[in-house]
Amino acid sequence: MSESPAPRPSRPLPPVAIVIGVLFFFGLLGLMIYGVMKSGDPQRDVLPSALIDKPAPAFALPVLHDPSMTVRSEELRGAPYLLNVWGSWCAACREEHPVLTRFAESKRVIGYNWKDEPADALHWLETLGNPFMVVLSDVEGRTAIDWGVTAAPETFLVDGSGIVRWKYSGAMTQQVVDEKLIPALQKIEKAQGNADAGLHGNP
Amino acid sequence: MPMPACTAIRNAGRGLLLALLMAAALPALAQQPLHDPRPLAFRDAAEESRFHDLAAQLRCVQCQNQSLADSNAQIAQDLRREVLQLMQQGHDDAQIKQFLVARYGEFVLYQPPLQPGTWLLWGGPLLLLGAGGLVVLGIVRRRGRNVAPAPAGNTDEGDGW
């Protein structure tokens, strides 16, 4: 800014102007490098969820395998659960499937089948295997709007009292599970443990 | 990963390649979720124009460089339907915006509210203008001091403005 005008070529620039100019240049260079580095990141455009640390939206959805049964959000309280948004039309969900299957061996994972043909969804689960404790079917996709879903797959971690604690957009990898999901889950379990201890400690 | 509809718009070359690969590898896999083909049903022209005004002020949550009115992403279609439904239930524009902000965050608003978290966003340009003004003021003052010994008439002609 200040070094560019140079109205009188005969006059040398003051040192302060040179320092500011150099800082400005390196600032821009840094911004450019940051931008280029970030351009390869699949999480680049992901918006932060508005639901973190807020109560999970209430829902009542039919079970994919038995539409006469309905699951309500209140019925899932008591222990943390993972809600995975997927569809048989979603290629990245297929990518994520083995990772989710491994995680689901020891934890509660609820499937939320979003805007899908139930027959296609059932076929998908039959072919690849069903990692979900229960799959909820939402052909209309109204519940997804309440959850702020933009694209599948998306995964929410909800704690035992029904508060959303963590969210991931896009296909989870084993690395995401190990480095983000498991620590988030441990934090919930620790908080739960403290609350229980407090409850039992005070007669 | 965003849905291919969006990728293709943003990155035409890669999108096309991706689409071709997918078409070759997974012929049975439809890449779009189920959608409701019925067009939006407006009750009258006033409602339609209000709807379009509102949708132009909202950002598509998936194709983030498009407004809700312009985007063809599946979720944008669902959200347009939802917005129209809320309008027909008698909610005003502010309530509808609040509905979306509660679910998708302030990012959906093209014009974010003035609040502690956004003061830099709103005040940044003014701040830069002020800083530039100070720099110019400094230069002018310094030059005025240097040129002062010369006759006053000369400085005026030299500056030109």
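**Figure 1. Domain assignment of chain A in the predicted model.** Chain A is divided into domain 1 (1–40) and domain 2 (60–201), with bounds taken from an automatic or database domain assignment. The centres of domain 1 of chain A and domain 2 of chain A, taken over C-alpha atoms, lie 49 Å apart. For the complex, the predictor reports an ipTM of 0.77 and a pTM of 0.74. Residues are numbered from 1 along each chain as its sequence is written, while chains are lettered from A and ligands numbered from 1 in the order in which they are written. This is a predicted model, in which local features need pLDDT of at least 70 and side-chain atom pairs count only at pLDDT 80 or more, whereas totals for chains, interfaces and linings use all residues.

**Figure 2. The hairpin of strand 6 and strand 7 of chain A.** Strands, like helices, are DSSP runs numbered from the N terminus (helices: H or I, at least four residues; strands: E, at least two). Strand 6 (residues 154–158) and strand 7 of chain A run antiparallel and are joined by 5 bridges; two strands pair if DSSP finds at least two bridges between them. A:Val158 has A:Val164 in strand 7 of chain A as its bridge partner. Between the two strands are 5 residues, and A:Gly162 in the turn has a positive phi of about 85°. Of the 6 residues of strand 7 (residues 164–169) of chain A, 5 are buried (20 or more other C-beta atoms within 10 Å of the residue's own, with C-beta atoms placed from the backbone).

**Figure 3. Helix 4 of chain B and its packing partners.** Helix 4 (residues 74–88) of chain B has 15 residues and reaches 21 Å from its first C-alpha to its last, close to the 21 Å expected (1.5 Å times one less than the number of residues). Its buried residues are B:Gln74, B:Ile75, B:Ala76, B:Asp78, B:Leu79, B:Val83 and B:Leu84. These pack against helix 3 (45–56) and helix 5 of chain B, together with helix 4 (142–146) of chain A. B:Gly90, with a positive phi near 95°, follows helix 4 of chain B.

**Figure 4. Confidence along chain B.** Chain B contains 7 helices and 0 strands. Its mean pLDDT (the predictor's confidence in each residue, from 0 to 100) is 77, and 71% of its residues reach 70 or more. Among the elements of chain B, helix 5 (residues 93–104) has the highest mean pLDDT (94) and helix 1 (residues 4–10) the lowest (44). Over residues 23–30 of chain B, pLDDT stays under 50, and the model has 4 contacts beyond four places in sequence for them (C-beta atoms, placed from the backbone, within 7 Å).

Note on methods
Contact = placed C-beta atoms within 7 Å. Buried ≥ 20, exposed ≤ 12 C-beta atoms within 10 Å, placed from the backbone.
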